[in-house]
Amino acid sequence: MKTGIIIPCHNEEKRLDVTAFLNFIQKKSNIHLCFINDGSDDNTINILKDIQSNNPLQTSVIDVKKNSGKAAAVRTGAKYLNSREDIKCIEILL
């Protein structure tokens with residue numbers, strides 16, 4: 001069983017540290033990162049998809065087309081992770 005971590009993102013292309021995320025999930029096999037792209041109008045979604053393509057078993061990307069705010073993004077991630085049978089605990093990275 002894994003711990004799911006929800007990471008809401010809105011226009012984060014300049015702040016996302018791809019290497020740090022990839023190193024983290026390589027060291028922690030019991031973690032699943034769930035990125036929620038909350039209506040970004042920059043290159044955030046492409047960066048998130050790059051992270052996911054490097055480790056699709058430990059990352060999910062949910063693309064919400066219209067910005068709905070951090071709380072809505074967290075709820076979206078929680079609903080998704082709750083639907084997965086391999087997730088036992090959910091955490092939020094704000």
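# Reading a predicted chain, feature by feature

Guide: Start with charge. This chain carries 13 positive and 11 negative side chains. The centres of the two sets lie 4 Å apart. Keep in mind that the model is predicted.

Visitor: Next, the layout. How many helices and strands are in the chain, and how do the elements run from the N terminus on?

Guide: The chain has three helices and four strands. Read from the N terminus, the order is β-α-β-α-β-α-β. The radius of gyration of the chain is 12 Å, close to the 12 Å that the globule rule gives for 94 residues, so the chain is as compact as a globular protein of that length.

Visitor: What does the C-alpha trace span along its principal axes?

Guide: About 35 × 25 × 20 Å.

Visitor: What percentage of the 94 residues is buried?

Guide: Buried residues make up 43% of them. The chain exposes about 5600 Å². Carbon and sulfur atoms supply 48% of that area.

Visitor: Which share of the contacts between residues at least 6 apart in sequence joins residues at least 24 apart?

Guide: That share is 81%.

Visitor: Let us turn to a helix. What should helix α3 span, and what is the distance between its end C-alpha atoms?

Guide: Helix α3 covers residues 70-83, which is 14 residues. At 1.5 Å a residue, α3 should span 20 Å. Its end C-alpha atoms are 20 Å apart, so the two values agree.

Visitor: Which residues of α3 are buried, and what covers them?

Guide: First the general idea. An α-helix has 3.6 residues a turn, so residues three or four places apart point the same way. Now the case here. The buried residues of α3 are A72, A73, V74, G77 and L81. Their cover includes three strands: β1 (2-9), β2 (31-38) and β4 (87-92).

Visitor: Where does I45 lie, and is it buried or exposed?

Guide: I45 sits in helix α2, residues 44-54. The cut-off for buried is under 20% relative accessible area. I45 has 15%, so it is buried.

Visitor: What does I45 touch, leaving out residues up to four places away in sequence?

Guide: N37, V61 and D63. I45 and I62 are 17 residues apart in sequence. C-alpha to C-alpha, they are 9.0 Å apart in space.

Visitor: Now the loops. Where is L57 found, and is it buried or exposed?

Guide: L57 is in the loop between α2 and β3 (59-64). Its relative accessible area is 66%, so L57 is exposed. L57 still touches K2 and H32, with residues up to four places away not counted. L57 and I31 are 26 residues apart along the chain, and their C-alpha atoms are separated by 9.8 Å.

Visitor: What is the phi of N11?

Guide: Begin with the background. Most residues other than glycine have a negative phi. N11 has a phi near 50 degrees, a positive value in a residue other than glycine. N11 is in the loop between β1 and α1 (18-27). Its relative accessibility is 30%, so N11 counts as partly exposed.

Visitor: Which residues is D42 in contact with, aside from its neighbours within four places in sequence?

Guide: D42 contacts N11, E12 and E13. D42 itself is in the loop between β2 and α2. At 24% relative accessibility, D42 counts as partly exposed.

Visitor: And what separation do the C-alpha atoms of D42 and K2 have?

Guide: They are separated by 31 Å. Along the chain, D42 and K2 are 40 residues apart.

Conventions. Residues are numbered from 1 along each chain as its sequence is written. This is a predicted model: local features need pLDDT of at least 70, side-chain atom pairs count only at pLDDT 80 or more; totals for chains, interfaces and linings use all residues. Side-chain values use heavy atoms; hydrogens and water are left out. Helices (H or I, at least four residues) and strands (E, at least two) are DSSP runs, numbered from the N terminus. The expected span of a helix is 1.5 Å times one less than its number of residues. Buried means under 20% relative accessible area, exposed over 50%, partly exposed in between (1.4 Å probe, protein chains only). Contact means heavy atoms within 4.5 Å. The radius of gyration is taken over C-alpha atoms; the globule rule is 2.2 Å times the number of residues to the power 0.38. Accessible areas come from the Shrake-Rupley method with a 1.4 Å probe; for residues, only the protein chains shown count as cover. Lys and Arg count as positive and Asp and Glu as negative; His and the chain ends are not counted. The place of a charge is taken as NZ of Lys, CZ of Arg, CG of Asp or CD of Glu.
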